[in-house]
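Let us walk through this structure one stop at a time. Keep the sequence beside you and find each residue as it comes up.

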Amino acid sequence: MGAALALAERGRGLTAPNPNVGCVIVQDGRVAGRGWTQPGGRPHAEAMALAEAAAKSRGATCYTILEPCAHESARGPACADLLVAAGVARVVIATGDPDSRTDGSGIARLRGAGIEVVTDVRAEEARRTMAGFLTRYFHGRPLVTLKLAMSLDGAVARADGSSRWITGPEARAHAHLERARHEAILVGRGTLEADAPALDVRLAGLEGRSPERWVLSHDHSFQPAKGGRAGNWKVLTSPADIADLDGVDHLFVEGGASTAAAFLSADLVDRLLLYRAPILIGGGRTLPDIGLANLAEAHGRWNLHDARRLGSDRVEVYERVREPA
């Protein structure tokens, strides 16, 4: 299942509106087929893995991070039916599919065909891997990741607004990798006009995964400059409007401070990437008010999921604590 989870990460930011699923077919202790949801949502992970395994699928074990779909579409057959036809003996599933067209039906179809089914294997990890799809399904909006780069004294920029560069090259490369895992990236109008950022992915081999670029501006008539690095932008007038971003299950909010505060005030940040540099700025800019009525409201909102060194900097990944859907 660990291999299937890793494969699923290859599709993150590319498969909307379908989930990014990973699948591994194992025959006699050896991997016979691997698959992950392809860009645009098809082929599904199971279909890809079965095609690679071919005849070795018969009697094999299938590991998949999501319940195999039970509905046919014009784009391809149901994966549950493909697994039955391939003759797999056992299917291990991380988590169920909430889609009403499958929800339990995929598992029932497999068991009805005499296939052994094991469920809830590393389910929490699978739900985190597919968090964009699940957030869209349950909350009607994309999963929002907010990136903040700051000094030890909490400044996100100098007093004059300059912030290039708070962090070092390793941290910036990590941020580019994060960009590649999102369908869309957003900055505020002030950041766009001051810096004309490219917001593309500049990592070898991942240049083609640059996200769609959006700018937050409360001015409905604002039109970003055309051409050059500032061209090809789309305008969002409110954080709440992210629900209308078509084909976007993962949104990366990269700056500036007012935009970050707007998303935090609206409680629309699900994942926080905090890059901390070992520098002191003094008198720098920090986040504006985010709407807390008292200090007690600040506690219990964020769980630390990961932390690591990136050169001389440190990145911490926090997840918003929310009630289960």
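**Rings, charges and a loop**

Start at helix α6, which covers residues 131–139. F133 and Y137 both lie in this helix, 4 residues apart. That spacing separates them by about one helical turn. Keep in mind that this is a predicted model.

Now look at the rings. The whole structure holds 2 aromatic pairs. F133 and Y137 form a tilted pair, with 6.3 Å centre to centre and 35° between the planes.

Is F133 buried or exposed? F133 is buried, because its relative accessibility is 9% and the cut-off for buried is under 20%. Y137 is partly exposed, at 36%. Y137 also pairs with F138, and this pair is edge-to-face. Here the centres are 5.3 Å apart and the planes make an angle of 85°. F138 is partly exposed too, with a relative accessibility of 43%.

Next, turn to charges over rings. R10 places its charged end over the ring of W36, 4.5 Å from the ring centre. The charged end of R172 sits over the ring of W165, at 4.6 Å from its centre.

Finish at G161. Where is G161 found? G161 lies in the loop between β6 (143–150) and α7 (169–179). G161 is partly exposed, with a relative accessible area of 31%. Along the chain, G161 and T191 are 30 residues apart. Their C-alpha atoms are separated by 9.5 Å.

Technical notes: Residues are numbered from 1 along each chain as its sequence is written. This is a predicted model: local features need pLDDT of at least 70, side-chain atom pairs count only at pLDDT 80 or more; totals for chains, interfaces and linings use all residues. Side-chain values use heavy atoms; hydrogens and water are left out. Helices (H or I, at least four residues) and strands (E, at least two) are DSSP runs, numbered from the N terminus. Buried means under 20% relative accessible area, exposed over 50%, partly exposed in between (1.4 Å probe, protein chains only). Rings of Phe, Tyr and Trp (its six-membered ring) pair if their centres lie within 6.5 Å; planes under 30 degrees apart count as stacked, over 60 as edge-to-face and the rest as tilted. A charge sits over a ring if NZ of Lys or CZ of Arg is within 6 Å of the ring centre and within 35 degrees of the ring normal.
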